[in-house]
Amino acid sequence: MTMKRVGFIGTGVMGSSIVEHLLQNDYEVTVFNRTKKKTDHLVQLGAEWKESPKEVARDSDVIFTMVGYPSDVEEVYYGERGVFQNDMKGKILIDLTTSTPSLAEKIYNTAAEKGGSALDAPVSGGDLGARNGTLTIMVGGDEQTFTEAEKIMSLFSKTLERHGPAGSGQHTKMANQIMVAGTMTGMTEMLVYAQKAGLDLEKVIRTLNGGAAANWSLANYRPRILKEEYSPGFFVKHFIKDLKIVLEEAEKMAIDLPGTKKAKALYDQLQDNGFENDGTQALIRLWWE
């Protein structure tokens, strides 16, 4: 099928960059965001503003959603002005939000009942990955829909893989967030230790990135942390949401994740200190401020 008419709901830190990639590749893009001014620069680039998710979906062949919380996803799809207020025949829905596996399954089933199809496709890579078109996308849904949507998702991703039926993308993202939680706490404690020991942090980071301690968080958050730059590539409040989902899913599976529990407790403390709208690299503020 041709998918030149694309709808995008949620033009935040990552969503706006993804829309830019779509526009640069000659897609007709309609956009909606609860705060309209966050779409102004996209409209100037050629996107068309719509008044609701319902209107975006009505005029699109493929609809992307990228919002904050599962409750936001629920509202976007099932609300009075939601996506599912339309005829879905032939349409593809792709939710890029990190949400719950159960909601992904619900959306998949509703889309199928209405003649459309859906993929859960949470991403990793933050604002830099979205800007550079190098996101990692973890997909759940049927093989045919994934094949149809693979080309358009490849425009803003470096790693793109289907992991199984509906909900599998969200489960894979939870696995990703478990790993990220470990690297973020490890990086933070490493920096605290190295500074206390009187070491040159730039030299330490350069050395560690050449050995077994190398990781994405260290490589990408180093410049921001050393400049005490805490603007969000990925919000603290959204990471807490993700870790909450991880721990809820782990409880359903009867497994204990003590490291992830501790990471969430630290980020909860960061939020309690008033830094929920900072980027996740702000964890260092528990020690440096």
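The structure is a predicted model, in which local features need pLDDT of at least 70, side-chain atom pairs count only at pLDDT 80 or more, and totals for chains, interfaces and linings use all residues. Residues are numbered from 1 along each chain as its sequence is written, and side-chain values use heavy atoms, with hydrogens and water left out.

Helices (H or I, at least four residues) and strands (E, at least two) are DSSP runs, numbered from the N terminus. Two strands count as paired if DSSP finds at least two bridges between them. E7 and strand E8 (residues 135-139) run antiparallel and are joined by two bridges. Val123 stands opposite Ile137 of E8.

A cavity is a set of points, on a 1 Å grid over the protein atoms alone, where a 1.4 Å probe fits but cannot get out; lining residues have an atom within 4 Å of a point. Grid points are joined across faces, edges and corners, and a volume is the space filled by probe spheres set on the points. Two cavities of 30 Å³ or more are found.

The largest cavity has a volume of about 40 Å³. Its lining includes Asp95, Ile107, Tyr108, Asp120 and Gly140. Helix H5 (101-113) and strand E6 (117-120) each supply at least two lining residues. The lining divides into six nonpolar, one polar and two charged residues. Here Ala, Val, Leu, Ile, Met, Phe, Trp, Tyr, Cys and Pro count as nonpolar, Asp, Glu, Lys and Arg as charged, and the others, Gly among them, as polar.

The second largest cavity has a volume of about 30 Å³. Among its lining residues are Gly125, Asp127, Trp216 and Arg224. Helix H6 (126-132) and helix H10 (216-226) each give two or more residues to this lining. H10 gives the most, with four. Three nonpolar, three polar and two charged residues make up the lining of the second largest cavity.

Methods. On a 1 Å grid over the protein atoms alone, a cavity is a set of points where a 1.4 Å probe fits but cannot get out, and a pocket is an open set with protein on both sides within 12 Å along at least five of seven lines; lining residues have an atom within 4 Å of a point.
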